[in-house]
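Subject: Handover of a structure and findings

Dear colleague,

Please find the structure below, handed over for your own work. The findings follow directly after it.

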Amino acid sequence: MRQIRVLVVEDSLVFRELLIQKLNEDPEIQVVAAAKDPFEARDAIIQYQPDVMTLDIELPHMSGIEFLRKLMPQYPLPVVVISSLSDKVFDALNAGAVDFVAKPSGATRAQLEAFMKNEIPAKIKIASIAKLGSWKRTQAQAVGQVLSNENHNLVVAIGASTGGTEAIAAVLEQFGTDIPGVVIVQHMPAGFTEMYANRLNGRCRVQVKEAKSGDPVVPGQVLIAPGGDAHMQLVNRNGGYQVVIRKGEKVNRHCPSVDVLFHSVAEAAGSRAIGIILTGMGGDGAKGLLAMRKAGARTIGQDESTCVVYGMPKVAYEIGAVEYQEKLSDIARKTYTILSKM
């Protein structure tokens, strides 16, 4: 089996050497080079032609984000960003990084080693099969305000993982304020979901916020499940929908889980819902989307050509959970078409 060739770009000597050591312990990974700044990284890319690059955002001479913006148009390369808690990771994802991992703050050496041995290699392996170029997109245009005022009892549920931050943005930017309440699970560490929601809120016509238990689901508003150790579920309360956030074990290796959300939507909303599954590794959300479809909901899956990783939508499609398979740019329009007939 061919090993994944990795370039590590990190200015901290201690962190860099420990990361190289732990990555090389994985039989599927080989660190072929390391660099402490973007200039060394550029030379290493040309010389070693790595399959994946890990990239720190805070680097000497040039930020990791600026480096990405210069690199990706000329030399597209799967990049996993390693960052402390900062909304700069979303600039990196927008610039073309496949995914990110959050550096544990105040971690012991043992916790740091576990992070380097488990979380980072998993992200590298996903990045190695990611499709580049799907992050490039033009400014989204509004689909149009075509719905009636009878959409208060409808709900749109969306799930995504790798590549999902930009895919979700591409869909939400086309939604108008007439869209029914939207509930979303995007696999993301604790702390980052609030920053992500705030960033989307500044980019979209709809209101976007990190969900809190008891939040009502109302038209023109998007609720994003908080990252961490809890799941988000849809419930019927007082003639409308609310979300509840409950601590729980990981489902499909994720918390929050798309499956948990989708199963709750199937039970609470039945045929009054639309389920959308976007780019991501693994199968989280597939069974929940199937439950939604069996309950009468309409379902949409992102097509292979526009996915960064065609994993979750593929599994959902193969088990019959996806009613319509659409390119990312067409998902919002398809959603409106379906809603206009509900």
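Glutamate 40 counts as partly exposed, at 30% relative accessibility; in this scheme buried means under 20% relative accessible area, exposed means over 50%, and partly exposed lies in between, with a 1.4 Å probe and protein chains only. Glutamate 40 belongs to helix H2 (residues 38-48). Helices (H or I, at least four residues) and strands (E, at least two) are DSSP runs numbered from the N terminus. Leaving aside residues up to four places away in sequence, glutamate 40 touches Ala34 and Ala35, where contact means heavy atoms within 4.5 Å. Glutamate 40 and valine 9 are 31 residues apart in sequence, and their C-alpha atoms are 8.6 Å apart in space.

Two notes on the basis of these values are needed. The model is predicted, so local features need pLDDT of at least 70 and side-chain atom pairs count only at pLDDT 80 or more, while totals for chains, interfaces and linings use all residues. Residues are numbered from 1 along each chain as its sequence is written, and side-chain values use heavy atoms, with hydrogens and water left out.

Salt bridges

A salt bridge is taken as a side-chain nitrogen of Lys or Arg within 4 Å of a carboxyl oxygen of Asp or Glu. The count by this rule is 19 salt bridges.

One of them joins lysine 117 and glutamate 25, with 3.9 Å between the closest N and O atoms. This pair links distant parts of the chain, 92 residues apart: lysine 117 is in helix H5, and glutamate 25 is in the loop between helix H1 (13-24) and strand S2 (29-35). Lysine 117 is partly exposed, at a relative accessible area of 47%, and glutamate 25 is partly exposed at 39%.

Another salt bridge is formed by the side chains of aspartate 26 and lysine 125, at 2.9 Å from N to O. Because aspartate 26 lies in the loop between H1 and S2 and lysine 125 in helix H5, the pair ties together parts that are 99 residues apart in sequence. Aspartate 26 counts as buried, at 12% relative accessibility, whereas lysine 125 is partly exposed, at 25%.

Glutamate 166 and arginine 203 also meet through their side chains in a salt bridge, at 3.9 Å from N to O. Here too distant parts of the chain are linked: glutamate 166 is in helix H6 and arginine 203 in helix H7 (residues 192-203), 37 residues apart. Glutamate 166 is buried, with a relative accessible area of 10%, and arginine 203 counts as partly exposed, at 32%.

Cysteines

With a disulfide defined as a pair of cysteine sulfur atoms within 2.5 Å, the count is 0 disulfides. The cysteine sulfur closest to that of cysteine 204 is in cysteine 307, 19 Å away and therefore too far for a bond. Cysteine 204 is buried, with a relative accessible area of 11%, and cysteine 307 is buried, with 1%.

Largest pocket

The largest pocket has a volume of about 1,100 Å³. Among the 36 residues lining the largest pocket, the closest to its centre are Glu119, Lys123, Pro189, Lys250 and His254. Strand S5 (99-102), helix H5 (109-128) and helix H6 (164-172) are the elements that give two or more residues to this lining. H5 gives the most, with 7 residues. By class, the lining has 18 nonpolar, 12 polar and 6 charged residues.

The terms are as follows. On a 1 Å grid over the protein atoms alone, a pocket is an open set of points where a 1.4 Å probe fits, with protein on both sides within 12 Å along at least five of seven lines; a cavity is a set from which the probe cannot get out, and lining residues have an atom within 4 Å of a point. Grid points are joined across faces, edges and corners, and a volume is the space filled by probe spheres set on the points. Ala, Val, Leu, Ile, Met, Phe, Trp, Tyr, Cys and Pro count as nonpolar, Asp, Glu, Lys and Arg as charged, and the others, Gly among them, as polar.

Backbone

Most residues other than glycine have a negative phi, and most peptide bonds are trans. Cysteine 255 and proline 256 are joined by a cis peptide bond, with omega about 5°. Proline 256 lies in the loop between strand S11 (240-247) and helix H8 (258-269). Arginine 253, which is not a glycine, has a positive phi of about 70° and is placed in the loop between S11 and H8. Arginine 253 counts as exposed, at 71% relative accessibility.

Yours sincerely
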